[in-house]
Amino acid sequence: MKLTIYLFLFFTCVIAEAALFKNPPTYIKAKAGLSATTVDDQQTEARVVSFSMFGDIVQTVLPDLEAHIIAGAVLETGSNESLFVDEFKPRQDLVLKEASLKYQPLEQILLKAGALNQGEYNSPLLLTDSAFVGSKEALNFEIADYRFGFFLAQSVPSNHFLTNRLGSVDEGAPSLLMEGISMHLGGDVMFFKAQAMRFKYNNLSANVAYNSQFLGNSTGGSSTSTTFFLYDFQGYNANFNLGFNLGESVSLGFKGQYLFNDKAPNNRNTGYLLGFNFEFNGFKLDIEYFDNQSDSAPAFYNSALYGHNDRDGYGGGLSWNIAKEATKIYLRAYKLNTNQQILMSDSTRVFAGLERSFSFD
């Protein structure tokens with residue numbers, strides 16, 4: 001199984017790379033970022049400064065076939081003192097966020113395969129912005145300003161976003177299966193985007209379970225080879241984005257996510273996130289409230305921004321988009337609470353940074 005997966009990814013990357021060098025790319029975009037992170041709780045105290053650079057390349061191979069690669073580097077320095085999980089340990093990594101081929105023989109049919117970025121599901125309580133090897137099949141329809149569709153996805157969860165921090169996952173053949181529907185309404189005054197899906201994780205490794213216990217999940221066992229999840233992960237996830245354009249430079253937005261694991265008991269199986277934002281002349285204020293119970297999803301694969309699992313709290317941020325310079329300055333802060341007393345504790349997390357985008361169309 002592993003050999004098949006690795007060969008599949010290898011040949012996908014080879015074809016994508018060959019396509020990129022065969023002809024000039026359809027477009028090349030890049031983003032450079034400088035950021036600072038502080039984390040304070042009883043288990044972790046971190047002060048990290050990071051520089052990152054990512055390129056985003058799309059190449060049309062054939063009229064119906066397109067290659068897409070997002071890759072870059074992250075360089076960090078600073079201090080990290082952690083009792084259990086070195087999640088915020090400074091790292092120096094090459095990072096692959098996407099390496100895929102997209103085949104669209106008809107306007108309504110879309111097939112993707114390769115290393116697929118899970119951030120496209122816009123569900124941070126379930127999945128974070130990392131690449132899983134897999135495939136996706138979608139059937140889409142468009143009527144006037146309405147777009148809706150159905151999709152299936154099959155992938156192999158990786159430990160990419162914690163690679164240097166938690167070690168590698170070597171045993172088992174894990175999988176993530178999803179099927180869902182999506183809807184999008186575009187307009188000059190209002191837009192609405194929503195997605196609902198069913199998900200199922202299979203054969204998650206002992207190493208993933210071992211590290212997830214420090215991130216909020218309920219587990220049994222005591223080592224990287226014997227730890228297991230107390231509950232399976234199979235359930236439902238939904239999210240939405242609703243926005244209003246109130247003027248030439250004024251907008252109002254709402255977002256939300258609901259997560260439910262029907263394999264875990266009540267008071268352990270649910271997560272939700274609600275957010276509000278207001279933007280005026282490039283300045284943006286956003287506020288979020290969330291509650292993600294202990295076993296709604298595998299903590300190893302969801303977002304550190306919200307503290308993974310067994311957390312509730314609130315946060316928000318201010319940002320300034322300088323349109324002419326393609327530059328963004330931001331400051332975000334989160335207060336996270338937990339029910340645990342030993343492996344986790346209440347936490348304060350602050351993120352600040354500057355991003356600059358480049359386009360070579």
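Is D262 buried, exposed or partly exposed in this predicted model? D262 counts as partly exposed because its relative accessible area is 33%, where buried means under 20%, exposed means over 50% and partly exposed lies in between, computed with a 1.4 Å probe on protein chains only.

The model is a prediction in which local features need a pLDDT of at least 70 and side-chain atom pairs count only at pLDDT 80 or more, whereas totals for chains, interfaces and linings use all residues. Residues are numbered from 1 along each chain as its sequence is written, and side-chain values use heavy atoms, with hydrogens and water left out.

**View 1. The whole protein chain and its confidence.** The protein chain holds three helices and 18 strands, helices being DSSP runs of H or I with at least four residues and strands runs of E with at least two, numbered from the N terminus. Of its 361 residues, 46% are buried. Among contacts with a separation of 6 or more, 58% join residues 24 or more positions apart, a contact being heavy atoms within 4.5 Å. The accessible surface comes to about 18000 Å², and carbon and sulfur atoms hold 60% of that area, as computed by the Shrake-Rupley method with a 1.4 Å probe, with only the protein chains shown counting as cover for residues. The average pLDDT, which is the predictor's confidence in each residue from 0 to 100, is 88, and 89% of the residues score at least 70. Residues 1-7 stay under 50 and have six contacts beyond four places in sequence in the model. Residues 160-170 are also below 50, with 33 contacts beyond near neighbours in sequence. Where pLDDT is low, the predicted coordinates should not be read in detail.

**View 2. The largest nonpolar core.** This core has 29 residues, of which L126, L127, M178, F199, Y201 and Y301 touch the most other members; a nonpolar core is a set of buried Ala, Val, Leu, Ile, Met, Phe, Trp, Tyr and Cys residues joined through side-chain atoms within 4.5 Å. At least two residues of this core come from each of β6 (131-143), β7 (146-156), β8 (175-185), β9 (190-202), α3 (206-212) and β17 (327-337), and the largest share, three residues, is supplied by β9. Setting aside residues up to four places away in sequence, L126 touches M197, F199, Y201, N237, Q257, L259, A297, Y301 and N302. Another core of five residues lies apart from the largest one, with V39, A46, V48 and A304 among its members.

View 3. Two or more lining residues come from each of β5 (109-117), β6, β7, β8, β9 and β12 (234-247). Two cavities of 30 Å³ or more are found in a search of the whole structure. The largest cavity has about 180 Å³ of space and 16 lining residues, with T44, F214, L215, R311 and R349 nearest its centre. On a 1 Å grid over the protein atoms alone, a cavity is a set of points where a 1.4 Å probe fits but cannot get out, whereas a pocket is an open set with protein on both sides within 12 Å along at least five of seven lines, and lining residues have an atom within 4 Å of a point. Grid points are joined across faces, edges and corners, and a volume is the space filled by probe spheres set on the points.

**View 4. Two residues with positive phi.** N122, in the loop between β5 and β6, has a positive phi of about 50° although it is not a glycine, and N122 counts as partly exposed because its relative accessibility is 38%. H308, in the loop between β15 (283-292) and β16 (311-322), is likewise a residue other than glycine with a positive phi, near 65°; H308 counts as buried because its relative accessibility is 2%.

View 5. Q104 lies in strand β4 (residues 92-106) and, leaving aside its neighbours within four places in sequence, is in contact with D64, I109 and L110. The C-alpha atoms of Q104 and D64 are separated by 5.1 Å, although the two residues are 40 residues apart along the chain. D262 lies in the loop between β13 (250-261) and β14 (270-280) and touches R198, Q234, G235 and Y236, not counting residues up to four places away in sequence.
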